[in-house]
Amino acid sequence: VKGGAILKGNSMILSFNSPIVMRQVSGTGSLDLDLAEFSEEAVRSFLNCCYTGDTSEQLSKESFRDFNKIAVALNVGWLRTSCSKFYGEMCNTLDNDSLEEAQFLCGEA
């Protein structure tokens with residue numbers, strides 16, 4: 001992760017969530033993911049979501065970009081779906097007076 005921190009996670013649980021992780025663990029028997037572009041907080045939140053299957057406490061406007069990037073990079077289907085739903089909900093709540101919100105949503109599209 002950014003800053004060089006090393007975070008540990010259960011390879012079996014991560015494999016259930018990501019076919020990319022499963023291939024790596026199956027091929028080498030170990031798991032070392034390079035998530036250097038993500039903050040420690042984002043990766044910890046991602047790991048928590050993989051363990052619980054729940055994004056309700058982790059996914060926010062502030063964390064959306066990192067969650068979506070991790071979901072795409074590791075091909076975590078259920079998390080990609082959660083991110084898509086979250087993005088759709090943000091779009092549905094957009095009002096005509098919120099230029100900043102519209103710029104954010106366009107930037108994330």
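The largest pocket has a lining of 16 residues, and those nearest its centre are Leu-7, Lys-8, Leu-31, Asp-32 and Leu-33. Helix H1 (11-17) and helix H3 (40-52) are the elements that give two or more residues to this lining. The model is predicted: local features need pLDDT of at least 70, side-chain atom pairs count only at pLDDT 80 or more, and totals for chains, interfaces and linings use all residues. Residues are numbered from 1 along each chain as its sequence is written, and side-chain values use heavy atoms, with hydrogens and water left out.

**The largest pocket**

- A pocket is an open set of points on a 1 Å grid over the protein atoms alone, where a 1.4 Å probe fits, with protein on both sides within 12 Å along at least five of seven lines; lining residues have an atom within 4 Å of a point.
- The space in the largest pocket comes to about 330 Å³, where a volume is the space filled by probe spheres set on the points.
- H3 gives the most to the lining, with 3 residues; helices (H or I, at least four residues) are DSSP runs, numbered from the N terminus.
- Sorted by class, the lining holds 11 nonpolar, 2 polar and 3 charged residues. Asp, Glu, Lys and Arg count as charged, Ala, Val, Leu, Ile, Met, Phe, Trp, Tyr, Cys and Pro as nonpolar, and the others, Gly among them, as polar.

**The largest nonpolar core**

- This core has 24 residues, and Phe-46, Phe-64 and Leu-79 touch the most other members.
- At least two residues of the core come from each of helix H2 (19-28), H3, helix H4 (64-73) and helix H5 (77-92).
- A nonpolar core is a set of buried Ala, Val, Leu, Ile, Met, Phe, Trp, Tyr and Cys residues joined through side-chain atoms within 4.5 Å.
- Buried means under 20% relative accessible area, exposed over 50%, and partly exposed in between (1.4 Å probe, protein chains only).

**Phe-64 and the aromatic pairs**

- Phe-64 counts as buried because its relative accessibility is 3%.
- Not counting residues up to four places away in sequence, Phe-64 touches Leu-59, Cys-83, Phe-86, Tyr-87, Met-90 and Glu-108; contact means heavy atoms within 4.5 Å.
- The whole structure contains 2 aromatic pairs. Rings of Phe, Tyr and Trp (its six-membered ring) pair if their centres lie within 6.5 Å, and planes under 30 degrees apart count as stacked, over 60 as edge-to-face and the rest as tilted.
- The pair of Phe-64 and Phe-86 is stacked, because the ring centres are 6.1 Å apart and the planes are at 25°. This pair links distant parts of the chain, with Phe-64 in helix H4 and Phe-86 in helix H5, 22 residues apart.
- Phe-64 and Tyr-87 are also a stacked pair, at 5.9 Å centre to centre and 25° between the planes. Tyr-87 lies in helix H5, 23 residues from Phe-64.

**Three other residues**

- Ser-45 is in helix H3 and counts as buried, at 13% relative accessibility. Gln-58 and Phe-67 are touched by Ser-45, not counting residues up to four places away in sequence.
- Lys-61 sits in the loop between H3 and H4 and is partly exposed, with a relative accessible area of 27%. Not counting residues up to four places away in sequence, Lys-61 touches Phe-86, Met-90, Glu-101 and Phe-104.
- Ser-82 is part of helix H5 and touches Thr-55 and Leu-59, not counting residues up to four places away in sequence.
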